[in-house]
Each structure stands twice: as C-alpha cells, then as structure tokens.
Amino acid sequence: GQIALHNILFDTGKATLKPESSRELQLVIDVLKADAALKLEIQGHTDNTGAKAANQTLSQQRADAVRDYLVKTGGIAAARLTAVGYGDTKPVAPNTTDDGKAQNRRVQLVKK
C-alpha cells in the first residue's frame, strides 16, 4: 500500500521539483499507466526545522508539485491523485540527526 520516494528532490524551503527527480517520477507514471484503476494519495513530509505552519504549507506545496507533474507531464488523470501535506507530524526517524531529518523529508505514495 505505500512507498516513500527519496529521489524526489526540492531546494531547501522550496516546492519546485529539481530536474533529477524526473527519473523517479517517470517510474510512478509508468506504474499508473500500467494500472488504470490505481489511485494514489501523494503525501508531502518535512523534518521539524522551522515553524510548524511553514512546514505544513511547504509539505502541501511539494505534494501538489508532484501531483501536477504526474498530471501535466505524465498525462495521468487528476481525479486519480490527491495531494496532502503532513508537515512534520509523521516522522519516520528522529529529527535529532541530519540523517534522521533527511529521512523525514520525503514524498510518500499511498494506494487509495
């Protein structure tokens, strides 16, 4: 049901996808095209650096950016994709180390 994508990259504090994200996103497009019934929730997550409200907004913007890419570049129907930002509310590692923070900054796909 779910997978974390760690090769979806953004500049710090921004929601613009970096070009090197296209390879990973193409794999998602391929999976969605192979299974026309598949619907996904695109989840944006941040570490706990900065203000909670800013992290919430940034995580939503990043999830939206991934959804928009899949729709515009991949031709995936927008109705199959929802984008939700969770900010720093669902860490997968402690935010006490750089490695832990890096793990928490992620885009996750969840089958709906």
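Q: What makes a residue "buried" in this predicted model?
A: Buried means under 20% relative accessible area, while exposed means over 50%. In helix α1, Glu24, Leu25, Val28, Ile29 and Leu32 are the buried ones, so each of these has under 20%.

Q: What makes Arg23, Leu27, Lys33 and Ala34 of α1 "exposed"?
A: They sit on the other side of α1 and count as exposed, so each has over 50% relative accessible area.

Q: How do you know that the buried residues of α1 line one face of the helix?
A: Look down the axis of α1: its buried residues fall within an arc of 145 degrees, so they line one face. As a general point, an α-helix has 3.6 residues a turn, so residues three or four places apart point the same way. What covers the buried residues of α1 includes β1, β2, α2, β3 and β4.

Q: How do you know that the span of α1 is close to the expected one?
A: Helix α1 covers residues 22-34, which is 13 residues, and reaches 18 Å from its first C-alpha to its last.

Q: Which element gives the largest share of the lining of the second largest pocket?
A: That's α1, with four residues. This pocket has a volume of about 210 Å³, and its lining includes Glu24, Leu27, Val28 and Val31.

Definitions and conventions: Residues numbered from 1 in each chain as written. Predicted model: local features only at pLDDT ≥ 70, side-chain atom pairs only at ≥ 80, totals over all residues. Heavy atoms only, no water. Helix = DSSP H or I, 4+ residues; strand = E, 2+ residues; numbered from the N terminus. Expected span 1.5 Å × (residues − 1). Buried < 20%, exposed > 50% of the residue type's maximum accessible area, 1.4 Å probe, protein only. Arc of directions from axis to C-beta. Contact = heavy atoms within 4.5 Å. 1 Å grid on protein atoms, 1.4 Å probe; cavity = no way out; pocket = protein on both sides within 12 Å on 5 of 7 lines; lining within 4 Å. Points joined across faces, edges and corners; volume = space filled by probe spheres on them.
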